[in-house]
Amino acid sequence: AALGRNAQRQSDVLLAQLCAENALMQLRLARQLPGVGDSSSHCEQAGEPLQVQHQVRPTPNPNFLRVDARVFKNGEAVFQLTTVMGRN
């Protein structure tokens with residue numbers, strides 16, 4: 001049973017990582033800094049519905065923002081990816 005749970009967890013993390021990377025790439029492709037605040041979006045990978053929560057926070061340098069993408073499955077946090085975005 002433990003091996004089965006571990007395999008499922010690895011699959012969930014991989015799919016969540018794809019969602020988080022895609023969410024951050026969308027922000028980068030917009031070619032402008034996102035607004036400070038929280039938002040969320042849906043992401044489906046391999047038929048699995050996931051929720052991506054975006055948090056954009058200022059940094060001490062006003063030319064950069066900290067962006068967190070947290071991915072949830074059934075309300076449980078699965079993966080988090082953080083980056084810093086600068087003015088283009």
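This report walks through the fold of a predicted protein model, from its overall layout to a few single residues.

## Before we start

Because the model is predicted, local features need a pLDDT of at least 70 and side-chain atom pairs count only at pLDDT 80 or more, while totals for chains, interfaces and linings use all residues. Residues are numbered from 1 along each chain as its sequence is written, and side-chain values use heavy atoms, with hydrogens and water left out.

## The overall layout

Let's begin with the big picture. The C-alpha trace spans about 50 × 25 × 20 Å along its principal axes.

Of the 88 residues in the protein, 27% are buried. Buried means under 20% relative accessible area, exposed means over 50%, and partly exposed is in between (1.4 Å probe, protein chains only). A contact means heavy atoms within 4.5 Å. Among the contacts with a separation of 6 or more, 39% are between residues 24 or more positions apart.

## The sheet

The four strands form an open sheet in the order β1-β2-β3-β4, with antiparallel pairing. Strands β1 (37–45) and β4 are the edge strands, each pairing on one side only. From one strand to the next, the twist averages 20°. Two strands pair if DSSP finds at least two bridges between them.

Now for the pairs themselves. β1 and β2 are antiparallel and share nine bridges; within this pair, Asp-38 stands opposite Gln-55 in β2. The hairpin of β1 and β2 has two residues between the strands, and Ala-46 there takes a positive phi near 50°. Strand β2 (residues 48–58) also pairs with strand β3 (residues 64–73), in the antiparallel sense over eight bridges. Val-56 has Val-67 in β3 as its bridge partner.

## The helix across the sheet

Helix α1 (residues 2–29) lies across β1, β2, β3 and β4, and runs at about 30° to β4. Axes are lines fitted to C-alpha atoms, for helices over the stretch in contact, and angles run from 0 to 180 degrees between N-to-C directions. The 28 residues of α1 reach 40 Å from first C-alpha to last, close to the 40 Å expected at 1.5 Å a residue; the expected span is 1.5 Å times one less than the number of residues. Just after α1, Arg-31 takes a positive phi of about 60°.

Which residues of α1 are buried? They are Asp-12, Leu-15, Ala-16, Cys-19, Ala-20, Ala-23 and Leu-24. An α-helix has 3.6 residues a turn, so residues three or four places apart point the same way. The buried residues of α1 pack against β1, β2, β3 and β4.

## A disulfide between helix and sheet

A search of the whole structure finds one disulfide, a disulfide being a pair of cysteine sulfur atoms within 2.5 Å. Cys-19 is joined to Cys-43, with an S to S distance of 2.0 Å. The link is left-handed, at -80° about the S-S bond. It connects distant parts of the chain, with Cys-19 in helix α1 and Cys-43 in strand β1, 24 residues apart. Cys-19 counts as buried because its relative accessible area is 2%, and Cys-43 is buried with a relative accessible area of 14%.

Find Thr-83 in strand β4 (residues 76–86). Is Thr-83 buried or exposed? Thr-83 is buried because its relative accessible area is 18%. Its side chain makes a polar contact of 2.8 Å with the side chain of Arg-28. A polar contact is a pair of N or O atoms within 3.5 Å; within protein, one must be able to donate a hydrogen and the other to accept it, and residues adjacent in sequence count only if both atoms are side-chain atoms.

Leu-81 also lies in strand β4, and counts as partly exposed at 25% relative accessibility. Leu-81 and Ala-69 are twelve residues apart in sequence and 5.3 Å apart in space, C-alpha to C-alpha. Over in strand β3 you will find Lys-73, which is buried at 15% relative accessibility. A polar contact of 3.1 Å joins its side chain to that of Glu-48.
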